[in-house]
Each structure stands twice: as structure tokens, then as C-alpha cells.
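Here is a short briefing on a protein model. Look at the structure first, then read on.

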Amino acid sequence: MAAPRSSLRRLLELIALTALAITQPVLDAFGSAAEEFIFRDISALGIIGFALLVVLGPALALWGLQQVVGRFLGRRAGDGIQLLLIVTLIATFVAQVTKSTTSWRPAILIIVAVSAGVAVAAAWLIDSITSLVMAFVALFAPLSVALFLFASPVADILFNDGTASAARVDMGSPAPVVYIVLDELPTLSLLDANGNVDDDRWPGFASLADDSTWFRNASAVAPSTPTAVPALLSGNYPVDIEALPVVDEFPQNLFTMLAGTHQMRVHESITKICPSELCGDSDTVGGSATDGLFDLIADSADVVIERTKPRRAIRTPVDFKVGQSDPSADRKIGEWLDRVVPSDGLHLNVIHAVLPHQPWWRLPTGQRYGGSGDGAPVVA
């Protein structure tokens, strides 16, 4: 029987095991999907906080549980909890590895994973060298964070300085600009049987078409929003479909072009093309970053579950919880419209709203159907 371990040693053991079973798979998944942080408007500081939470949160929570049980029920009960945690975390780690590297059936995966967990727990109980090895494995936790922050696409967000400049543009007749992007608006649904905008169902669009140039066959240049919207704002065809929608990737854009003459009133839903010195927090509208952080935590649990469960999924392994249709789009549009008012000087008024992006669940009036029932008009 091994000698009793200190509380610090037990914490290091759990940091090591959660680094293998939880931290590494979660940071690997988000490192390969860095755009998720942009979609949720998570700042660089928020990303660092998320990484630290993934590293320390599970280990501290499990360690706290073990300490409480040991304090109130005795050392043997505390040891029992630690053994159970070792079995569970090792089994989780082994299940993930064998699932990704073999074609074994679910029953075999379960047997191998649980057997490995029991074997390591038995070694921990018998020989203290196992605990020492775990303590050294805890170094894998900061290594995982470093790789996530500095050697994955996330680094492009962290080190995106939010600054850019463009060639000076001389305008013969400067004027205010209003630029509205309605995501996945099916243009055909606006038309009547004669191919004109249906002024009975869509009087606003019909009035706009009557007083402007109407391009009924216009289309985006890419099927995905993170690629199509930067093309609209930069005026360039997409070259690298993996490029993150940030200003460092698209330094020559509408905002930098008009920066010298226009004041910005901008809301970007899933891009960060407008430089921060032009479109700071005081010039934008949007939701709470706290909500996005809670969604990240939910996605983290999804990553671990999907990578651990023996049955192999047919769909995408992780269902990141970014809504396909923004339920708060009407509020954001309303806040933006409140700022689009006549005033002295020139303004560049830009909004990209994830509306009516599929799944479509609004009536022509803007009211919702098939949901909570608390429909509200898009424009009051």
C-alpha cells in the first residue's frame, strides 16, 4: 500500500488526468475552429480566460469534491473518490485514443478503456511511483495551453492588433453611406409572378427598388458567411477560404477606405473587419460576451462527450452552439437604426444581421412562428 499523498499531490494528479481527458481534446477542437470565438464576440482576454478555465476548472472542481469527502467522511473515503476519479479519467482518455486510432466496436472500446482505468488506479493504490509520474504529467496542461494560444489559428485572433490602413480615397461628391447585409435573404421570395418586388408583401423593399438600381440576379461569391461577408466588405474575391474574418486578413476594406472622411456606425455579427480604432465598443451594438462564454463551456462538454462515447457519430463530431438564425437580430437592428439619424458630417452606417438566415422562422412582418411565440416586428 502506497503512503498517503498530500493534498497538493492529489491536485497535481487530477490536473494531469484532466489535461489528458478534457483539456487537450477541448483545446484541440477549438484551436481548429477559432472562428467560433469571433462568432461569439469573445475578446483576446476572454480566450485566455477560457483556456485557463478548461485547464484548471475540472481539476479544481474534482479536487474540491475529493477534499470535502475526505474531510467529512475520512481519509479512506477520500482515497475512494480519488480512485474513482482516476478510473473515470483514464478510461475517458483511453476511449478517446482508441476511438480515433482504431475501428474497434463499442463493446471492445468500453472494455479496453475501463480496464486501463482500473489498472492505473490499482497501480496508484499499490505504488507511490504512479502518483509521482502523474504529477510530472501535469506539465502537459500548460503545454496544451501554450500550443492552443500560440501554435493554432487562435493566435491569429490573439495577435490581431485591430489596426489597418488603406490608400487615401478622393471622393468628388462625399455622401453618407448605408450598407445593410441581410444574411441568407432568399431574393426570389421578394418577387411576384412578374419578377418584380412584391409591393403588397414587401412595401419597404419595393420602395427601395423603385428609387434605386435593382440587381435581381445578384449573388454572394461564397456559400459560407465567414467567407462571403469579408468579400463584400473588402471588394475582393476570397482566395483563402480558411482565413479568419478579421481585419489583419482583410486590411483593405470599406472601413479603412472611408476612415478619413466618415464616422462609423457599425455592427458586425460574425466578422471583425472594421479596425478597433474606428469601431470601438462605443460605436457598435451587440449581445453579451458572457452568453458566448457559457456557450463555449457547453460546447466543451460536447467535445468531450462526442470524442469519448463508443458509438461513432455520422454527423459532424461537435455541434458548436452558434445559432443559425440570430434570435436577437431584431433588437440589434433596432439599436443600430436608433443611431442612423440625420446629423452633421458624414457617416458610414453598416450592419450585417444574421437574419433571416435559415432555418427561417419569421413571417413577412418579422414576427416569429414555431418558437416561443413572443414575436416582435423587426422594425417598429
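Does D156 count as buried, partly exposed or exposed? D156 counts as partly exposed because its relative accessibility is 38%. Buried means under 20% relative accessible area, exposed means over 50%, and partly exposed lies in between (1.4 Å probe, protein chains only).

This is a predicted model: local features need pLDDT of at least 70, side-chain atom pairs count only at pLDDT 80 or more, and totals for chains, interfaces and linings use all residues. Residues are numbered from 1 along each chain as its sequence is written, and side-chain values use heavy atoms, with hydrogens and water left out.

**Surface patches**

- D156, D240, E242, D248 and E249 form a negative surface patch.
- Patches are made of residues with over 30% relative accessible area and no salt bridge; like charges are joined within 9 Å, and nonpolar side chains (Val, Leu, Ile, Met, Phe, Trp, Tyr) within 5 Å.
- D156 sits in helix α8 (residues 154–158). Helices (H or I, at least four residues) are DSSP runs, numbered from the N terminus.
- A nonpolar surface patch is built from I129, L132, V133, F136 and L139. Together they have about 490 Å² of accessible area, computed by the Shrake-Rupley method with a 1.4 Å probe.
- I129 belongs to helix α6 (residues 128–137). I129 is partly exposed because its relative accessibility is 44%.

**Disulfide**

- The structure has one disulfide (a pair of cysteine sulfur atoms within 2.5 Å).
- C274 and C279 form it, with their sulfur atoms 1.9 Å apart.
- The link of C274 and C279 is right-handed, with 65° about the S-S bond.
- Both C274 and C279 are buried.

**Salt bridges**

- There are five salt bridges in the structure. In each, a side-chain nitrogen of Lys or Arg is within 4 Å of a carboxyl oxygen of Asp or Glu.
- One of them joins R10 and D79 (2.3 Å, N to O). This pair links distant parts of the chain, 69 residues apart: R10 is in helix α1 (residues 7–31) and D79 in helix α4 (residues 75–101).
- R10 and D79 are both buried.
- E306 and K309 also meet in a salt bridge (3.4 Å, N to O). E306 is buried because its relative accessible area is 7%, while K309 is partly exposed at 33%.
- Another salt bridge connects E335 and R331 (2.8 Å, N to O). Both lie in helix α13 (residues 329–339), four residues apart, about one turn of the helix.
- Salt bridges with shared partners join R10, R75 and D79 into one network.

Methods
Lys and Arg count as positive and Asp and Glu as negative; His and the chain ends are not counted. The place of a charge is taken as NZ of Lys, CZ of Arg, CG of Asp or CD of Glu. Helices (H or I, at least four residues) and strands (E, at least two) are DSSP runs, numbered from the N terminus.
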